[in-house]
Amino acid sequence: MEALGDGISAEVARIFTAKQERRQDLARLPYPEKVQAVIELQKLAATILRARGNIVKPWSAGRTGV
């Protein structure tokens with residue numbers, strides 16, 4: 001990989017750019033879609049937490065009004 005002037009490789013610069021674009025895309029989502037994304041993340045985390053013995057209950061769309 002070729003390094004850029006500040007010591008960051010082109011691949012790392014590409015990853016940072018993609019990350020920033022993804023954040024901007026998420027920021028432009030309507031509020032209900034953002035809430036639905038949080039619910040999906042909670043469901044994924046709940047699987048792991050339950051395996052650890054924790055009691056968790058992700059939000060549901062009905063509880064959020066979405």
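**Entry 1**

Read from the N terminus on, the elements run α-α-α.

I noted that this is a predicted model, in which local features need pLDDT of at least 70 and side-chain atom pairs count only at pLDDT 80 or more, while totals for chains, interfaces and linings use all residues. Residues are numbered from 1 along each chain as its sequence is written, and side-chain values use heavy atoms, with hydrogens and water left out.

I then looked up the confidence, given as pLDDT, the predictor's confidence in each residue from 0 to 100. The chain averages 88, and 85% of the residues score at least 70. Confidence is highest in H1, at a mean of 96, and lowest in helix H3 (residues 61-64), at 67.

**Entry 1. Surface**

I looked up the accessible surface of the chain, which comes to about 5,500 Å², by the Shrake-Rupley method with a 1.4 Å probe; for residues, only the protein chains shown count as cover. Carbon and sulfur atoms hold 59% of that surface.

I also checked burial, with buried meaning under 20% relative accessible area, exposed over 50%, and partly exposed in between (1.4 Å probe, protein chains only). Of the 66 residues of the chain, 8% count as buried.

**Entry 2. Salt bridges**

I examined Glu11 and Arg14 first, whose side chains meet at 2.7 Å, N to O. Both residues lie in helix H1 (residues 10-27), three residues apart, about one turn of the helix. Glu11 counts as partly exposed because its relative accessibility is 32%. Arg14 has a relative accessible area of 48%, so Arg14 is partly exposed as well.

I turned next to Asp25 and Arg28, which form a salt bridge at 2.8 Å, N to O. Are these two residues buried or exposed? Asp25 is at 40% relative accessibility and therefore counts as partly exposed. Arg28 reaches a relative accessible area of 61%, so Arg28 is exposed.

I then recorded the salt bridge between Lys43 and Glu40, with an N to O distance of 3.5 Å. This pair belongs to helix H2 (residues 31-51), with three residues, about one turn of the helix, between the two positions. Lys43 is partly exposed because its relative accessibility is 41%. Glu40 has a relative accessible area of 38% and therefore is partly exposed.

**Entry 3. Distances to Trp59**

Which helix holds Val38? I located Val38 in helix H2, the helix in which Glu40 is also found. Val38 has a relative accessible area of 35%, so Val38 is partly exposed. From Val38 to Trp59 I noted 8.7 Å in space, C-alpha to C-alpha, for a separation of 21 residues in sequence.

How values were computed
Salt bridge = Lys/Arg side-chain N within 4 Å of Asp/Glu carboxyl O. Helix = DSSP H or I, 4+ residues; strand = E, 2+ residues; numbered from the N terminus.
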